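Morning, everyone. Please bring up the model on your screens, and we'll walk through it together.

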Amino acid sequence: MRTNQRNEIPNQNGSAEDAAAPLPRNVEITTLKNGMMIVTDRMEHLESAALGVWVKAGSRDERPGEHGISHLLEHMAFKGTSSRTARDIAVQIENVGGDVNAATSVETTSFYARVLKDDVPLAVDILADILTDSLFDETELAREQHVILQEIGAAQDSPEDVVFDQFQSTAFANQALGRPIMGTPETVKSFGANSLRQYLGDHYHGSNMVLAASGAVDHDAIVKMAESRFSGFDKTSTREPEAGIYHGGQMRLQKDLMEAQIVLGFEGRAYHARDFYASQVLSTLMGGGMSSRLFQEVREKRGLCYSVYAFHWGFSDTGLFGIHAATESSDIPELVPLILEQLRQAGERIEQDELDRARAQISAGLMMSLESPASRAGQIARQILLFGRPISNEELMDRLNALSVERLRDLAARLFSESNPTIAAIGPIEQLPSHSEIAAQLGADLQHAAQ
C-alpha cells in the first residue's frame with residue numbers, strides 16, 4: 001500500500017471532439033451498463049498481464065471529518081471478505097507467482113495486480129472481491145489503524161516528507177487538496193467500519209471507475225468477468241470535491257538538523273489548461289536532470305547543495321510548480337538568490353537546445369514507461385478518468401513538439417511573478433530570506449496575486 005503524489009503527462013484538453021478520436025492500436029474499450037469502463041491494451045508476445053481498478057476518488061474528496069479515510073479504505077480492502085481472509089488474499093495471488101497492491105493519491109485510488117496470462121481470471125476475481133465484499137472487521141481495522149499511525153510517524157521523522165506536506169498545506173490552506181493523504185493520528189483513529197462503508201458508497205460508482213488491463217489480455221473475456229463481478233456498483237456519484245484554490249504563503253520551522261529543507265513554489269497549471277504541457281517541460285528544463293539549469297548552476301558550478309530539482313504537479317482544476325533544495329545553513333544566503341535569479345532569467349531567455357533536451361527527456365520517459373504493462377494500464381486508466389479516452393503516443397508527441405521557446409519564456413515570466421509564492425522550510429533556516437524579499441526578487445505583485 002502506498003500514497004502517490006506524482007503526475008504523468010496526459011492529454012491537455014477533454015473536448016467532445018477528442019472523444020471521437022481513434023483509439024491507440026491494440027486498445028479496446030467497453031462501457032458497462034452502470035458506467036464502469038473496461039479498457040484493455042494487448043501487448044503481443046507477453047506472457048504476463050497487469051490489471052487494476054482505478055477510482056476517481058482520493059484525498060481531496062474527503063470532508064474535514066474524513067481526513068485520511070481514502071488511504072485507510074485502500075488498506076482495509078485487503079483485510080478480508082466473506083469468502084477470503086486477509087491471508088487467503090495474499091496466499092492465493094502469490095501461489096501463482098503474482099502480486100497485488102494499491103495506492104492512494106490526491107485524486108484517485110487504485111487497486112492492481114500482476115499475474116501470468118492464465119491467472120487473469122483469479123486477479124479479476126480478487127480485485128472484485130475486495131471492492132464489493134470487504135468485511136471491514138473491527139479487529140482488523142484496529143490493527144491497520146495502528147499500522148498507519150506508524151506510517152505517519154515514519155513520515156514525520158523524515159524532514160523531506162514533512163516539508164512537502166507543509167508546502168502543499170500552505171499552498172492550498174484549509175482545503176482537502178492541501179491535507180496530507182495519510183491523515184492525522186486523531187482522524188485515522190476516529191474511523192469505524194460504518195465510516196468506511198459510507199465513504200465507499202458515496203464515492204465508488206461505476207461512472208468514476210475504470211478496469212484497465214495491459215499485456216497478455218483478452219478484452220471480451222475481461223468484459224464478461226467485469227459484467228459478472230462489478231455490476232453491483234451504482235452508476236452515478238452524489239458527491240463532488242471542492243474546487244482547489246491556490247493561496248500561497250509560508251511555513252517555517254526552525255529545527256536542529258544537519259540540512260535545511262526548502263521548497264519554493266507557485267500556482268501551476270491544471271491538466272486541462274493550455275499551458276499544462278509547457279509547465280511539465282519547463283520544470284524539466286529548470287530542474288529535471290543533471291543538465292538542467294538549476295543542477296548546473298547550483299550544484300555543479302558552485303556546490304551549494306547535494307539535491308536540487310524542479311517539479312510540476314497537475315490536478316484536475318489547478319496545479320503546483322515547485323523547486324526543492326536541501327543545503328547547509330551557511331549556503332542559504334547564496335543558494336536562494338541564485339535559484340530566484342535562474343527563475344527570473346527563464347522569463348527572458350530559453351534556448352532551443354534546452355527545449356529540445358527537456359522534450360527528449362520527457363518523450364523518452366513516456367516511451368520507456370510504455371514498455372511496462374503496469375505503466376500502460378495505469379496511464380490509460382488515468383487518461384480515461386480525466387478525459388474520457390486513452391491518448392495515443394503520437395498525439396502525446398505532437399503536443400510536446402508543438403511547444404516553442406517563446407511559449408516557454410512567456411509561461412516562465414507569468415508563472416513566477418503572477419502568483420503569491422509558497423515557501424516551506426524546515427531546519428537551520430535563520431538566514432532564509434523573508435517571503436516579501438523572495439517575492440520582490442521575482443518581481444511578484446503580491447497585491448495582484450492576492451486578488
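How many cavities of 30 Å³ or more does a search of the whole structure find? The search finds 2. Keep in mind that this is a predicted model.

Let's go to the largest cavity. About 90 Å³ of space lies in there. What lines the largest cavity? Here is the list: Ile262, Leu264, Ile323, Ala325, Val336, Ile339, Leu340, Ile423, Leu432 and Ile438. Now sort that lining by class. You get 10 nonpolar residues, no polar ones and no charged ones.

Which elements give two or more residues to this lining? They are strand E9, residues 260–267, strand E11, residues 319–327, and helix H12, residues 332–346. H12 makes the largest share, with 3 residues.

Stay with H12, please. Helix H11, residues 293–300, packs with H12 at an angle of about 150 degrees. Their axes are 11 Å apart. Angles over 145 degrees count as roughly antiparallel, so H11 is roughly antiparallel to H12. The crossing of H11 and H12 is right-handed.

Which residues meet there? On the H11 side, look for Arg293, Leu294, Glu297 and Val298. On the H12 side, look for Leu335, Leu338, Ile339, Gln342, Gln345 and Ala346. The contact of H11 with H12 has 6 nonpolar, 2 polar and 2 charged residues. Notice Ile339: it is in the contact with H11, and it also lines the largest cavity.

Next stop, helix H2. That is residues 69–76. We'll take two of its contacts in turn.

Start with H2 and helix H5, residues 138–156. They pack at an angle of about 125 degrees, and their axes are 10 Å apart. That angle makes H2 oblique to H5. The crossing is right-handed. From H2 come His71, Leu72, His75 and Met76. From H5 come Glu140, Leu141, Glu144, Gln145, Ile148 and Glu151. By class, this contact of H2 with H5 splits into 4 nonpolar, 3 polar and 3 charged residues.

Leu72 and Met76 of H2 meet H5.

Last topic: a pocket. What is the volume of the second largest pocket? About 300 Å³. This pocket is lined by 17 residues. Nearest its centre lie Pro24, Arg25, Asp41, Arg376 and Asn393. Strand E3 (37–42), helix H14 (373–387) and helix H15 (393–401) each give two or more residues to the lining. The largest share, 4 residues, comes from H14.

And the classes? The lining of this second largest pocket has 6 nonpolar, 5 polar and 6 charged residues. Go back to the largest cavity for contrast. Its lining has 10 nonpolar residues, with no polar and no charged ones.

That's my tour. Over to you.

How values were computed:
Residues are numbered from 1 along each chain as its sequence is written. This is a predicted model: local features need pLDDT of at least 70, side-chain atom pairs count only at pLDDT 80 or more; totals for chains, interfaces and linings use all residues. Side-chain values use heavy atoms; hydrogens and water are left out. Axes are lines fitted to C-alpha atoms, for helices over the stretch in contact, and angles run from 0 to 180 degrees between N-to-C directions. Angles under 35 degrees count as roughly parallel, over 145 as roughly antiparallel, 65 to 115 as roughly perpendicular and the rest as oblique. A crossing is left-handed if the near helix is turned anticlockwise from the far one by less than a right angle, and right-handed if clockwise. Contact means heavy atoms within 4.5 Å. Ala, Val, Leu, Ile, Met, Phe, Trp, Tyr, Cys and Pro count as nonpolar, Asp, Glu, Lys and Arg as charged, and the others, Gly among them, as polar. On a 1 Å grid over the protein atoms alone, a cavity is a set of points where a 1.4 Å probe fits but cannot get out, and a pocket is an open set with protein on both sides within 12 Å along at least five of seven lines; lining residues have an atom within 4 Å of a point. Grid points are joined across faces, edges and corners, and a volume is the space filled by probe spheres set on the points.
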